[in-house]
Amino acid sequence: MSDNFELFGDQDPDYQISSDLRPIFLGISFAITILPIWLYYTVFDLSFESYALVYLLVTVFSAGILSFGYNNVALWLKSRLMKKRESLKAKEKALKKNTSGPKKTDTAEQKSSHEKKEQDTERESVAFSILFNNVFFLLSVIVLAFYVFDSASAPYNYVISISSSAALCALVSAVTLDS
């Protein structure tokens, strides 16, 4: 498996998310998957000392899965935004060409403008990806923990709710990316 996701090969390779963001995604997903520990400690009375290994394993596993979701949504959104912005730029350029005479623009200026636009689009898509996945993950944890698996014992509830929520985020983001 290469650095980018071969599973989603129909995505334009020009719009890949920079690999520098993957450790950031992992750190943010780790911080978000730690939050439900407080919920389980206070509401379900799962002590830190007794269940430290369970907390650690589930948190690390879920953080890894959730970081895939961040990357998928950011990639999907960046691809869609860049295509729309490039089509708007082409329409604008055609409109200018019809209204005024031929005008030469510096290729270096065009390239720097394109790079700036791509960086801005990547920043926007990453911010939305983090927001979307965090909200989706935390809401699904609450629904699964308090409604779906409420009759399960607390340790099983924790493992199933957190893991399922992370997997659901990754699945929803993969389906979003595929469309």
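Author: In this predicted model, Phe30, Ile34, Leu53, Leu56, Leu57 and Val60 make a nonpolar surface patch of about 550 Å². Two elements, α1 (21-42) and α2 (52-99), each give two or more residues to the patch. The largest share, four residues, is that of α2. Leu57 counts as exposed because its relative accessibility is 53%, and the cut-off for exposed is over 50%.

Helix α1 also has a buried set: Leu21, Phe25, Ser29, Ile32, Thr33, Pro36, Ile37, Leu39 and Tyr40. In an α-helix there are 3.6 residues a turn, so residues three or four places apart point the same way. The length of α1 can be checked as well: its 22 residues, at 1.5 Å a residue, should span 32 Å, and the end C-alpha atoms are 33 Å apart, which agrees.

Confidence in these two helices is as follows. Within the protein, α1 has the highest mean pLDDT, 95, and α2 the lowest, 86. Over residues 1-9 the pLDDT is below 50, although this stretch has eleven contacts in the model beyond near neighbours in sequence. Where pLDDT is low, the predicted coordinates should not be read in detail. For the protein, the mean pLDDT is 85, with 82% of residues at 70 or more.

Side chains of opposite charge can pair when their charged atoms come close. Lys78 pairs with Glu118, with 3.3 Å between the closest N and O atoms. This pair joins distant parts of the chain, 40 residues apart: Lys78 is in helix α2 and Glu118 in helix α3 (residues 107-148). Both residues, Lys78 and Glu118, are buried. Lys78 also forms a salt bridge with Glu122, the closest N and O atoms being 2.8 Å apart. Glu122 is in helix α3, 44 residues from Lys78, and is buried, as is Lys78. The side chains of Glu124 and Arg85 meet in another salt bridge, 2.7 Å from N to O. Here Glu124 is in helix α3 and Arg85 in helix α2, 39 residues apart. Glu124 is partly exposed, at a relative accessible area of 36%, and Arg85 is partly exposed at 25%. Through shared partners, salt bridges join Lys78, Glu118 and Glu122 into one network.

As for the whole, the protein has four helices and zero strands, and buried residues make up 35% of its 179 residues.

Methods. Residues numbered from 1 in each chain as written. Predicted model: local features only at pLDDT ≥ 70, side-chain atom pairs only at ≥ 80, totals over all residues. Heavy atoms only, no water. Patch = residues over 30% accessible without salt bridge, like charges linked within 9 Å, V, L, I, M, F, W, Y side chains within 5 Å. Areas by Shrake-Rupley, 256 points an atom, 1.4 Å probe, with all protein chains shown as cover. Salt bridge = Lys/Arg side-chain N within 4 Å of Asp/Glu carboxyl O. Buried < 20%, exposed > 50% of the residue type's maximum accessible area, 1.4 Å probe, protein only. Expected span 1.5 Å × (residues − 1). pLDDT = per-residue confidence, 0-100. Contact = heavy atoms within 4.5 Å.
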